[in-house]
Amino acid sequence: MVTIKPKERLGRSLGFFETFAIGTGTMIGAGIFILPGIAISNAGPAAIISFILGGLISMVTAISLAELATGMPHAGGSYYFISRTMGAGFGAVIGLGSWLALLFKGSFALVGLADYFFVLFPIPILITAVVAGLLLLVINYYGSKNSATFQNFIVLFLLIILTVFIIKGFFILDNGKFTPFVPFGNSSIIATTGLIFISYLGIVELTAISEEVKEPSKNIPRALIASVGTVTLIYVGVMIVIAGTLTPEQSIFTNTPLVDVTVMIGSDIGKIMIIIAGLFATVSTANAAILSSSRFPFAMGRDKLMPEWFVDIHHRYDTPYRAILVTGIVMILLVLVFNVEQLARLGGTFNILIFVLINISVIILRYRSLEEYKPTFKDPFFPYTQIIGIVGSLILLPSMGTLPLVFTLGIVAFGGIWYKYYGADKAFPKYNLFDMLENNIHPVPVAADSKMKVLVPIANPEHELDLLQLADNIGDEIIGLNVIRIPNQTSLTAARDAFHANKNIMENILKEKFDDFPIIVGHKREYIIAFDHSVANSIIEQAEIENVDFIVIGWHEVNRLHPSMGNVANKVLALAKNNIVMLNGYFPKKIEKIIVAYNSKDNSRYGLILAKRLSKNTGAKIHILRVIKPNAEEEKKRKIRSELKQIIEDEKTQLISYEVKEHYSVESAILGSIGQDDLLIIGDSSQRFNISLLGMLPYNIAKRSNRPVLIVKGYKPLSREGISNVIMKKIMKIAHRKKEGQ
């Protein structure tokens, strides 16, 4: 019996106000109750501008997030968006970083909560912070609906209290305190914006729970924009009041600036209400941080980037309870290690990087196709919104300080290492940023049953018959290309006229060979004569004009360390913008078995498609060979066998089989499997930035094999070869223009 893997889903229990409350609550919480004093001590009254800048950058990013969240409403928020746009490697880095950034913010809020509680009851701050963290952990463990209800009450209360605070504060403003407005220079404004940026982290937290939002296409954009707009107005109002009442010296020595201003207003009831509001605000921030950050390990667990242990949903409370437990415990531990300002900067720095990648993701997805991305909300100001978000965020990074920047780089390095050694073989999605930029996230765009167009350069009557036969067996439309190479000092037009006046015997022989070579019934043929100063350039150019699926060429040895550009095959390998099939040896008259060296990557998949076409026309059996290390994990071996078995079952024919061979040397295992009447097909290295034109494995096998070998090399625009293509094209155009000008 086949085991059916269950799908894990979260119930949609959060409406607009609950969603708005989570975003607003985490932004309007600890940041505005703790950071204003620190901000004014760093930038003076100009700290007001810092909050405006933070709000502007957050608003444009909120618009980008709205588009992403309605296009992909899943748990994980920024992690999910970035991983689906840039691949699992970026996902590992962002997932871990976002999780830790939110943990720092939650810890920051717990310390702020303890500071406000200390005004009423002089209990040690660390004890209060730890106890509060444990209580919030229990609340979130029992479900986001309970947590959201609690959040709604807090946010409503905060909005009322802070609005009253701003109105009353305006009546006691001292305009003289706004002068000088920028006492510490313009650079202090940017530096302070970076410090208070953690206050706006709520918009990332909000999208992290998008899978639990009712009617996400409507509620998520509204909640995002409303949250940032409301919070920015409140922040600016509070900052004007504090800057107009407290001096920079007073700001330095207080952890509760709003309480100090309320005392100046002269209202004892107001003081108590502000203290209660401060407690609620910090509780709100810490609560939202636990609720949202726990969804990152949950989402990463679903994508195999973290142990699946995190994915388990509580059978009674429908919460990712294990992810919540770990998140809450780590958050409490951080309280014991860092102070308030360190927590703010550490949490904010990685958040800036997230904002940059979020805006870049929208730009990529607008120009590249992703099947699951179908946003119901689209930014009407694209791409200006995203450009403002990217530039604004990057300007803040240098001002964050050494420790936060080192922390961020450390997370990037750790995330990359974690992905390489834990998730690379099993993580989802399987594509990466380069696949997305190439608009090629599907492994094999050419289907086995699609019409295939093949170009064959014809130059040698004795050898090219092999290439023609190969092309005939894999293609449905074969284009024979005869390139007449013209000396550089001779014009192409004059050479063509001379050719028609006195045709060369060799060209006639080549044309006759093409006309006479064995043709499979139904295949279309076309013969092209091209006049060019460069044979390789002509092959590349005609392949682009004809839009062929493959170029068929013969083997030419490559110097691995110093690839020679003087040989035609090397130039085609380096510069062609088409897939290539390279034949090493002669095409056999009789093929009993086609061996496909398979590793699940793009080029080996192309190789399997070509093997099926050859099998159909020659009657040869296909044998898929997969070589794995004997010490590989049993789970990996099981998955490999399962994949190969599925390929066989899908074909429903007796002509295809598979073998999983355990061997420490892939090269020896493949060479040892080739028989007398066999043809080997092997995909070239899938590495984009390889040092040579051919990968080491296919190169060595082709060089050592005494049987014919087909090397399949798919085109990758961002590969070393693709970059060379662009550069060489530019050089050739410049040279051509100079020549025309002479």
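## Terms and basis of the model

A charge is said to sit over a ring if NZ of Lys or CZ of Arg is within 6 Å of the ring centre and within 35 degrees of the ring normal. This is a predicted model, in which local features need pLDDT of at least 70 and side-chain atom pairs count only at pLDDT 80 or more, whereas totals for chains, interfaces and linings use all residues. Residues are numbered from 1 along each chain as its sequence is written, and side-chain values use heavy atoms, with hydrogens and water left out.

## The sheet

An open sheet with mixed pairing is formed by 10 strands in the order 3-2-1-4-5-10-9-6-7-8. Strands are DSSP runs (E, at least two residues), as are helices (H or I, at least four), and both are numbered from the N terminus; two strands pair if DSSP finds at least two bridges between them. Strand 3 (524-532) and strand 8 (656-662) each have a single partner strand, so one side of each lacks a neighbour in the sheet.

Strand 9 (residues 678-683) is largely enclosed by the rest of the structure, because six of its six residues are buried (under 20% relative accessible area; exposed is over 50% and partly exposed in between, with a 1.4 Å probe and protein chains only).

Strand 9 pairs in the parallel sense with strand 6 (residues 593-597) over five bridges, where A597 stands opposite I682. Its parallel pairing with strand 10 (residues 709-713) comprises four bridges, and G683 has V712 as its bridge partner there.

## Aromatic pairs

Rings of Phe, Tyr and Trp (its six-membered ring) pair if their centres lie within 6.5 Å; planes under 30 degrees apart count as stacked, over 60 as edge-to-face and the rest as tilted. By this rule there are 13 aromatic pairs. F197 and F355 form an edge-to-face pair, with 5.1 Å from centre to centre and 65° between the planes. F197 lies in the loop between helix 8 (186-196) and helix 9 (202-208) and F355 in helix 16 (residues 340-367), so the pair ties together parts 158 residues apart in sequence. Both F197 and F355 are buried.

The pair of Y367 and F382 is tilted, because the ring centres are 5.8 Å apart and the planes stand at 50°. Y367 is exposed, with a relative accessible area of 55%, whereas F382 is buried at 15%. R366 lies over the face of F382, at 4.3 Å from the ring centre.
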